[in-house]
Amino acid sequence: MKAVTIHTLNNFKAAQEKFPVITAYDSAFSRQIELAEIEVVLVGDSLGNVVLGYESTVPVTMSDMLHHTAAVARGNNKSLIIADMPFMSYSNRAMTLDNAALLMQVGAQMVKVEGGAWLEESVFMLAERGIPVCGHLGLTPQSVNKLGGYKVQGRDAEAAQQIFNDAEILQSAGADLLVLECVPSELTARIAQHLTIPVIGIGAGPDADAQVLVLYDMLGFSPRIPKFTKNFLAETGNVQEALQAYARAVRNGEFPQPEHCFS
Ligand code: KIV
């Protein structure tokens, strides 16, 4: 695999070729992901749930994200590395710029932020200064206390339209990628067709341009395995083969299946 850039991902979208994305939090797994030729690694703030033992992503700090992003970057020279900006690290202009810069300086090649129209100015500001941005809509775990739990989003027409409008706003502001989490498959299909940037789904149906899974979920390590994931280690028996099976299943359109989706 050649080093992946945003052009690589845009070319996949133009060619209607699906690509796999996976989370990682350390250098050892990051190296395995590079070996498996998975194009994109997300240093997700799911770090809080799956590695650090928190109940949510809310306690994850900038210093946690810097430490783990640097480790992931040391293990992988080929995959594109996206780092999550943690809870409250992008709540005003100065913090957004400073914290995004710190993540880029330890090895991220893009930052991810959760939220819709309120992020328009931040996305624009980062993009103008040369920092690629991935948006995140639908179930946004940093807002779990406001959402009242981990629930499928965009189920009624008004909520779906809101997510659609937010997606348009983020793209117009300069976002390069968009994650849609736990939304009905029909909404993902509408958004992926409408946007020119690649849309990455998780619990968002088969019609996203790419799929992302939390590494520890797809290896069966997490205490609670969400409906939208699949344990690829169970059917392969070793980590490298599990990663390769996941990548193949995404590229062939064999993952996700209807049982991993919401309608
Ligand atoms: O933190 C994370 O791992 C994420 C993915 C679930 C998309 O944001």
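Begin by selecting strand 1, residues 19-23, together with strand 8, and you will find that these two strands pair in the parallel sense over four bridges. Here a strand is a DSSP run of E with at least two residues, a helix is a run of H or I with at least four, and both are numbered from the N terminus; two strands count as paired if DSSP finds at least two bridges between them. This is a predicted model, in which local features need pLDDT of at least 70 and side-chain atom pairs count only at pLDDT 80 or more, while totals for chains, interfaces and linings use all residues. Residues are numbered from 1 along each chain as its sequence is written, and side-chain values use heavy atoms, with hydrogens and water left out.

Within this pair, select Val-21, whose bridge partner in strand 8 is Val-212.

Now widen the view to the whole closed barrel, where eight strands run in the order 1-2-3-4-5-6-7-8 with parallel pairing. For another pair in it, select strand 4, residues 110-114, and strand 5, residues 133-138, which are joined in the parallel sense over four bridges, with Val-113 facing its bridge partner Gly-135 in strand 5.

The last stops concern the backbone. Most residues other than glycine have a negative phi, and most peptide bonds are trans. Select Met-88, in the loop between strand 3 (80-84) and helix 5 (93-105): its phi is positive, near 65 degrees, and the residue is partly exposed, with a relative accessible area of 48%. Next select Cys-182, in the loop between strand 6 (177-181) and helix 9 (185-194), where phi is also positive at about 50 degrees, although Cys-182 is buried, with a relative accessible area of 4%. Finally, go to Pro-256, in the segment after helix 12 (239-252), where a cis peptide bond with omega of about 5 degrees joins Phe-255 and Pro-256.

Methods
Buried < 20%, exposed > 50% of the residue type's maximum accessible area, 1.4 Å probe, protein only.
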